[in-house]
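Please open the model in your viewer and follow the selections below in order. Each stop names what to select and then describes what is found there.

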Amino acid sequence: MAIKKLGKVLQPTALRQILKRCSSLGKKNGCDTEDGLPVDVPRGHFAVYVGQNRSRYIVPISLLAHPDFQLLLRQAEEEFGFDHDMGLTIPCEEIVFRSVTTSMLR
């Protein structure tokens, strides 16, 4: 699945809203009951689900500022919207996601 190029750059406020709306934090087992955060996600990171099998990846929050990751978020918004209980789901093949995120982290 190809990644569409979109001209809009997400603002920090929009990024926070996206994470908040698509987050299923606190709704599943394995969460800290005090703050609702998953116990296996380190500070400064968040979980995303990728591909048909919805494989879970833990990625650094710093990727939110990267234009290529913002394209993935836009694609997720277009395909799934953000009002669901599935967690942040990125609609691309796992190999594409790993390739894109690996290049962002260099």
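Which elements each supply at least two residues of the lining of the second largest pocket? In this predicted model, they are α2 and β3 (89-90).

**First stop: the pocket.** Select G51, Q52, P91, C92 and E93, which lie nearest the centre of the second largest pocket. The lining comprises 12 residues, and the pocket has a volume of about 150 Å³. Colouring the lining by residue class gives 5 nonpolar, 4 polar and 3 charged residues.

**Second stop: the helix pair.** Next, select helix α2 (residues 67-80) together with helix α3 (residues 94-104). Their axes come within 9 Å and cross at roughly 150 degrees. To display the contact, show D68, F69 and L72 on α2, and F97, V100, T101 and M104 on α3. By class, the residues of this contact are 5 nonpolar, 1 polar and 1 charged.

Now select V48, F69, I90 and F97, the residues with the most contacts inside the largest nonpolar core, which has 18 residues. Two or more residues of this core come from each of β1 (45-50), β2 (55-60), α2 and α3. The most are given by α2, with 4 residues.

Centre the view on F97 and show its neighbours, leaving aside residues up to four places away in sequence. F97 touches V48, V50, Y57, V59, F69, L72, I90 and C92. Among these neighbours, F69 and L72 also belong to the α2 side of the helix contact, while C92 is one of the residues nearest the centre of the second largest pocket.

How values were computed:
Residues are numbered from 1 along each chain as its sequence is written. This is a predicted model: local features need pLDDT of at least 70, side-chain atom pairs count only at pLDDT 80 or more; totals for chains, interfaces and linings use all residues. Side-chain values use heavy atoms; hydrogens and water are left out. Axes are lines fitted to C-alpha atoms, for helices over the stretch in contact, and angles run from 0 to 180 degrees between N-to-C directions. Contact means heavy atoms within 4.5 Å. Ala, Val, Leu, Ile, Met, Phe, Trp, Tyr, Cys and Pro count as nonpolar, Asp, Glu, Lys and Arg as charged, and the others, Gly among them, as polar. A nonpolar core is a set of buried Ala, Val, Leu, Ile, Met, Phe, Trp, Tyr and Cys residues joined through side-chain atoms within 4.5 Å. Buried means under 20% relative accessible area, exposed over 50%, partly exposed in between (1.4 Å probe, protein chains only). On a 1 Å grid over the protein atoms alone, a cavity is a set of points where a 1.4 Å probe fits but cannot get out, and a pocket is an open set with protein on both sides within 12 Å along at least five of seven lines; lining residues have an atom within 4 Å of a point. Grid points are joined across faces, edges and corners, and a volume is the space filled by probe spheres set on the points.
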